[in-house]
Amino acid sequence: MRPLLGFWLLALLPLIISYFTSRDLLADHIISNSFDFSLFVKIAIVVVVFVAGAVALMVRFRCGRACSRLLHYMLPRKRPSEGEVVEEGTENNNNSSNNSGSNSGGGVVGGGAAAASFHKKCRIGSLTACSPSGAAEDSAVNNTDRSRDDKNSGSSNNSISVEGGPSDMALGDSNPPEIDEDLHSRQLAVYGRETMRKLVGSNVLVSGMQGLGVDIAKNLILAGVKSVTLHDEGNVELWDLSSNFVFSENDIGKNRAEASVAKLQELNNAVLVRTLTTTLTREQLSDFQAVVFTETSLEKAVEFNDYCHNHQPAIAFIKTEVRGLFGSVFCDFGPEFTVTDVDGNDPHTGIIASISNDNPALVSCVDDERLEFQDGDLVVFSEVHGMTELNDGKPRKIKNARAYSFTLEEDTTKYGTYEKGGIVTQVKQPKVLNFKPLREALRDPGDFLLSDFSKFDRPPLLHLAFQALDKFVSDVGRFPVAGSEDDAQKLVSIASDINGSLGDGRLNDVNPKLLRQFAFGARAVLNPMAAMFGGIVGQEVVKACSGKFHPLYQFFYFDSVESLPTEPLDPNDFRPINSRYDAQISVFGQKLQKKLEDAKVFVVGSGALGCEFLKNLALMGVSCGSQGKLTVTDDDVIEKSNLSRQFLFRDWNIGQAKSTVAASAAASINPCLNIEALQNRVGPETENVFHDAFWENMSVVINALDNVNARLYVDQRCLYFQKPLLESGTLGAKCNTQMVIPHLTENYGASRDPPEKQAPMCTVHSFPHNIDHCLTWARSEFEGLLEKTPAEVNAYLSNPSEYTNAMRNAGDAQARDNLERVLECLDKEKCDTFEDCITWARLKFEDYFANRVKQLIYTFPEDASTSTGAPFWSAPKRFPHPLQFSSSDIGHLQFVMAASILRAETFGIPIPDWVKNPKKLAEAVDSVIVPDFQPKKDAKIVTDEKATTLSTASIDDAAVINDLITKLERCRANLSSEFRMRPIQFEKDDDTNYHMDMIAGLANMRARNYSIPEVDKLKAKFIAGRIIPAIATSTALATGLVCLELYKVLDGGHKVEDYRNTFANLALPLFSMAEPVPPKVIKHQDMSWTVWDRWILKDNPTLRELLDWLKAKGLNAYSISCGSCLLYNSMFPRHKDRMDKRMVDLAEEVAKVEIPSYRRHLDVVVACEDDDDNDIDIPQISIYFR
């Protein structure tokens, strides 16, 4: 009874406390000078009840840590009396003595008034303290004698232990922070656990809550830092609604930080989101590992940067601005910043084939995969036989790196002779960067990070322009007015003066035209620019807090003046019209704004990219006019793992349709958005939904897809209907964009990446040499055992005669294998009790990891040779060793537990609680009788790397199949007519379903067989689950870049050289922009065409009329086909009888084409030649009949 009583007492405690606190009695009496004895008694009773419950739970569950956390969260905090402040959500420090100090989150108060606050809304599964009903709580912070929670928590020189070890955690918990791996699985695939643990111990300040600041804060909150403090002293204006997705018209007049905190907090309740609305001082910066300034003057930035640069440890400082179509970033991470992982790639490896006894030694590797080593890399050797001196773990430098060899800078003449084996692995070295402070970097900026090599001279000019703008604002007290030639000329003059003072470093030309464009849009924060720079800066903060990836060193400037309208604009076009789009109008004018609002846009996909696109389009006003419409489609539903990137979704949306929720969220950003959400996959099967009229009505199509096949289909539709397609994709910290513009660029499908190299089937099944092979095999076995075989069983039981007839008709090795599996499942391996499932799992272990290996080494002993006399077990093959099962081995036992539980699920057998008790499970497993293994002398093991199946055909397959069917019929007679199995479909994102436990167990036991390093369940999930690494920052960058191109598309009139395709890698960082490739042009006589052209004939012409029409163009058609059917060929005399038949009638009669009601045309492919009998590739021909 004791634990049960403790549970109920503990469960009732929050209700008791809420009874007092809701009436404001408890806290008022605590701070009052009067004494109420009756209230004192009540409080004493509550405390006794709580302690009793907590003790009971600790005794029963040994959960002292959990109870201490509950105590921390549930007890009421002391309120501040006049002149005293305490922090909500943190413990009150007794050494607080005044209000002049700083807090852990950056909020500072004075005179008893709170200037910092945080807002929380409960996330499912969160154990953090939450404010009621999502309402913001005003809180202040206590003054302590510490300047930071942990001065080392954000320093790159200190790594946080993955297991154990102290680190910061939100709400002051000193225990190692727990990472929600379900939520952050895609991000963990990019960063790893160590980086994530550093992030959750980092406090960040973002100053300036216009569009850029809020996008940076969004990305950091999604990334899961410890806290984000929002600083802004200004109030929301109508102007801000062009770029800030959390503002609404109801927020106008409110403080920007206060208006942002509630919606930003909803993104991730594991992160403390606070506000700071008073003037920022240098000393307050000591509370943070990184600070970002988006709206700060150069003078103030230099002051803050000096403090951060000289602080011990240094505070990462970032200054960034977005001014119209221009942007800048400056980073200073301190005088000595250590980058622990420069690029985020796994260390490269190679399998050694030979090592010479030379000085220097030549190391050759197998040609299984190209080596990725570079001259100067450090490598270590392992598993080398013969030349064992290299196995000492000492890093060695290499040179002359080639595709399959390299030279080792070492004398190996006196080493042992190389025999076989060996792995060479790259050793990644940390890199120390010496940042210059802003004061010094302004005078001597060093090398700029380039993004567009066609603008190699642009960064120095923009370096000058941003300084001139700062001087203009300082002198005039405002930004230049859009369209004001006087203001533009004043800016040019200031820039010229600054340039003249640079001496030898001055520029030859300050480019007045570019500075004029800069001046006109200087006040505006455009959403696409905010999204782009929000991604870049957000990633830089992650680097600063973790040491993961190479920082931006130190200036980055960017412009997209090509996005401006091609036609000159009247200055009046830039004037504000009291609209939420005034900032955008100040850059592009009212005409383009009208085009944006009337655009008809199709967004395909509403995942990570889709959410960002919808946010951007809503803020830009796209499809917000009376003629505009935005259609978004996605057939997927929301999962928990989506929430770390797909920021329009919340916990309570899990299980709902992505497109519906995203459309609703986008409409809440801009109520004028005309949006329709569909749940259809775009493909041939939905052409009744996305029909001809649908595509013809579109202004532009934006892909937000995650697979190549869907992209190719949409590309073909856009090509066919001649619609612009804006394409993008991300992979971890990398992203790319491609503009597909009718008649100007090649289409998406014109060039494709080579297919990924697949491991041969024999390698995966018998000769693995890396963990990927083991996991591929494990996933295949999982699906075969738990999904495909049960499904085959059900197919047989549902219609035995039809199933067996199909197997007889097939009569091949595959049919034989299917029947053998079904029979085995219903006969020898049929499970009726859970003990049967344990027996099955234990015998599977023996089969997989002992017997099969014994058979393999019996067939191919360690000294076996190939037909050429070479050693059979030569690299990359690894000689295996069978496992001896032991119930004391946790890996063995976990495999049996997962396998038996899943086997029971397929048979509908209840799972007993005792299976999760290691002792009882071990007893059950040890009681299983395991037969001795007898090797087969005639066993056939596939060694051909070109083989595509493990099944081997036999001349008596038909007889074997008939025998199997007979046995199956006898077996079925013993089953009830209702018996069916329950196939299990693999689901990687549910850690409670034992799917990944079994796959990780299969893979790791196999890895032990072959002496391959094992992996944990998370790493196994990444590989076996084929998880695509993804982070919010690269997604934001990609969508920002695409929306900058959207301005060009909807304006019209831009040339191919105005457009940009981009590849970016935020890890390096690298930005590579280039003009799109134009389409291939085919010429014939005085005509020319590209892949974009489609010849159209209306009114359903006859075959003769079509041939004559082509003849008039100098083209002799000798073959016409529709689909796979030939309608006409000049070599077939009887085809001349079809000359007077109409093309649509001919297609229906000959090709049996069924034309749906929504289709208005028929496509035919015509093969032509010219008068000289040269084949001419002509465009597709469409015959319109409606």
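Biologist: How many cavities of 30 Å³ or more does a search of the whole structure find?
Modeller: Five. Keep in mind that this is a predicted model.

Biologist: What volume does the largest cavity have?
Modeller: About 180 Å³.

Biologist: Which residues lie nearest its centre?
Modeller: Ser451, Lys455, Phe558, Asp559 and Met1073. The lining of the largest cavity has 21 residues in total.

Biologist: Which elements give two or more residues to that lining?
Modeller: Helix H11 (458–476), strand S17 (555–559) and helix H31 (1032–1051). H31 supplies the largest share, four residues.

Biologist: And how do the lining residues divide into nonpolar, polar and charged?
Modeller: Nine are nonpolar, four polar and eight charged. Lys455 and Asp559 are among the residues nearest the centre.

Biologist: Switching over. What is the volume of the second largest cavity?
Modeller: About 120 Å³. Its lining is made of 14 residues.

Biologist: Which of them lie nearest the centre there?
Modeller: Leu298, Lys319, Glu321, Ser328 and Tyr557.

Biologist: Which elements give two or more residues to this one?
Modeller: Strands S7 (316–323) and S8 (326–332), helix H10 (438–443), plus H11 and S17.

Biologist: Which element gives the most?
Modeller: H11, with four residues. H11 also gives two or more residues to the lining of the largest cavity, and so does S17.

Conventions. Residues numbered from 1 in each chain as written. Predicted model: local features only at pLDDT ≥ 70, side-chain atom pairs only at ≥ 80, totals over all residues. Heavy atoms only, no water. 1 Å grid on protein atoms, 1.4 Å probe; cavity = no way out; pocket = protein on both sides within 12 Å on 5 of 7 lines; lining within 4 Å. Points joined across faces, edges and corners; volume = space filled by probe spheres on them. Nonpolar A, V, L, I, M, F, W, Y, C, P; charged D, E, K, R; others polar.
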